[in-house]
Amino acid sequence: MTTDSTGTGVGTEQVGRARIAIATVFTVHGAVTGSFATRVPWIQDHAGVSAGQLGLALAFPAIGASLAMPLAGRISHRFGTRTALRGLLMLWTLALVLPAMAPSLLTLCAALFVYGATAGMSDVAMNALGVEVENRLNKSIMSGLHGMWSVGALAGSAAGTVAAHLGTDARLHHTVAAAVLTVLGLIACQGVLDLRSEPDEDPPPRFTLPPKSALVIGAIGFCAVFAEGASMDWSAVYLRDIMGSSAGLAAASTTAFALTMAVARIAGDRIVDRFGAVRTVRVGGSLATVGGLLVVLSPDPAVALCGFGLLGLGVAVVVPLAFAAAGRSGPNPSQAIAGVATITYTSGLIAPSAIGSLAEATSLVVSFGLVTVLAFGLVLGAGVLRAGDRKVTGPAGPDTVPAKSGAEPSGS
């Protein structure tokens with residue numbers, strides 16, 4: 001059992017404030033990602049790397065996160081959730097500065113390793129607190145929290161679009177952004193739940209094997225997050241190199257993607273309650289497939305821009321639904337959710353490097369052809385999320401089944 005820092009329970013009013021605080025943390029986290037994604041072309045040019053070398057460099061966030069993520073639970077266990085999140089989020093916001101400073105492939109790989117490690121640990125910590133608030137409120141809020149992450153990514157990418165259009169040096173842009181986001185993050189962390197483990201409680205294990213059910217559900221999350229990661233990091237490069245668009249319009253593709261994801265996630269809980277998880281994902285997968293086809297087949301940058309927007313709309317709510325389905329898929333919800341979280345997070349981190357490697361061997365058009373195929377996989381595989389459907393008659397009606405959560409899902 002966990003308690004707050006005073007050793008007592010947490011009241012309803014405090015949980016309400018914690019919900020606002022953790023939503024702000026999600027927003028800050030997303031803003032870092034959006035700020036980075038829009039300046040990838042500048043970072044590529046500054047470091048003097050090819051598409052294949054950029055793809056290699058973008059594998060290092062996955063390596064850093066994979067090695068560092070297990071530490072987040074232990075840090076929270078030792079220092080308490082508030083102190084842990086405050087420190088990890090600050091490391092993440094400050095790490096934004098590093099990639100733009102890298103003058104070569106080697107230094108870029110090192111910078112992105114640190115960038116990924118801090119991203120993964122802070123992501124785990126904030127999602128764990130989000131799940132805790134959701135459990136205490138006894139209603140779904142995770143889609144909304146993911147929506148706030150997308151709002152942050154939208155804000156960060158919008159600022160990046162302006163900076164790219166003005167030709168601002170990304171080192172200056174990211175230094176200013178990191179300073180602002182660090183302050184906002186530290187303020188927000190003051191309001192999150194400060195939970196501490198019992199003195200005799202063992203620290204969380206470093207690694208547990210996910211059940212088979214999590215692997216099946218995680219495959220759907222893998223498809224969605226792969227499309228998300230590929231679009232966030234490569235859409236600007238695609239419009240610049242393949243469509244021949246300006247730097248400002250290329251950066252706007254990331255903004256369009258983040259905008260549609262934000263809208264869909266914020267509205268996600270109501271849509272799922274009305275139509276169910278399976279139907280929602282099938283329709284979303286269809287939209288994402290159409291979006292991918294527009295990106296691959298259109299010779300016009302504006303149409304490709306719309307395609308990236310449809311991709312964001314289509315994959316937006318898949319990850320929260322995958323967590324919900326995992327929580328109802330077997331006798332151990334925590335282990336299942338943890339397994340799905342690991343698969344989806346890994347997908348998002350390997351997608352950019354996989355896209356770059358495939359682009360080096362073929363072209364970016366072929367790379368986004370793969371994204372389109374994976375988007376169609378959502379249509380075919382949506383049925384595995386049937387366990388995540390909920391029958392809802394009202395906010396507290398007798399047929400309402402609260403989402404089960406008990407792990408540390410990642411899913412920005």
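**Reading a predicted chain**

Biologist: What are the ground rules, and how is the protein chain scored on average?

Modeller: This is a predicted model, in which local features need pLDDT of at least 70 and side-chain atom pairs count only at pLDDT 80 or more, while totals for chains, interfaces and linings use all residues. Residues are numbered from 1 along each chain as its sequence is written, and side-chain values use heavy atoms, leaving out hydrogens and water. The protein chain averages a pLDDT of 82, and 84% of the residues score at least 70.

Biologist: How many helices and strands does the protein chain have?

Modeller: There are 17 helices and two strands. Both are DSSP runs numbered from the N terminus: helices are H or I with at least four residues, strands E with at least two. Of the contacts with a separation of 6 or more, 85% join residues 24 or more positions apart.

Biologist: Why is serine 35 called buried?

Modeller: Its relative accessible area is 3%. Buried means under 20%, exposed over 50%, and partly exposed in between (1.4 Å probe, protein chains only), so serine 35 is buried. Serine 35 lies in helix 1 and touches Leu96, Gly156, Ser157, His173, His174 and Ala177, residues up to four places away in sequence not being counted. Of the 412 residues in the chain, 55% count as buried.

Biologist: At what angle do helix 1 and helix 8 pack?

Modeller: Helix 1 (residues 12-38) and helix 8 (residues 142-166) pack at about 35°, their axes being 6 Å apart. Axes are lines fitted to C-alpha atoms, for helices over the stretch in contact, and angles run from 0 to 180 degrees between N-to-C directions. The contact includes Ser35 of helix 1, and Gly156 and Ser157 of helix 8. By class it has eight nonpolar, 13 polar and one charged residues. Ala, Val, Leu, Ile, Met, Phe, Trp, Tyr, Cys and Pro count as nonpolar, Asp, Glu, Lys and Arg as charged, and the others, Gly among them, as polar.

Biologist: What makes threonine 372 buried?

Modeller: Threonine 372 has 9% relative accessibility and therefore counts as buried. Threonine 372 is found in helix 17 (residues 364-381). A polar atom of its side chain lies 3.4 Å from the backbone oxygen of glycine 292. A polar contact is a pair of N or O atoms within 3.5 Å; within protein, one must be able to donate a hydrogen and the other to accept it, and residues adjacent in sequence count only if both atoms are side-chain atoms.

Biologist: Is alanine 375 buried or exposed?

Modeller: Alanine 375 has 1% relative accessibility and so counts as buried. Alanine 375 is also found in helix 17 and touches Gly285, Ala288 and Thr289, not counting residues up to four places away in sequence.

Key. Contact = heavy atoms within 4.5 Å. pLDDT = per-residue confidence, 0-100.
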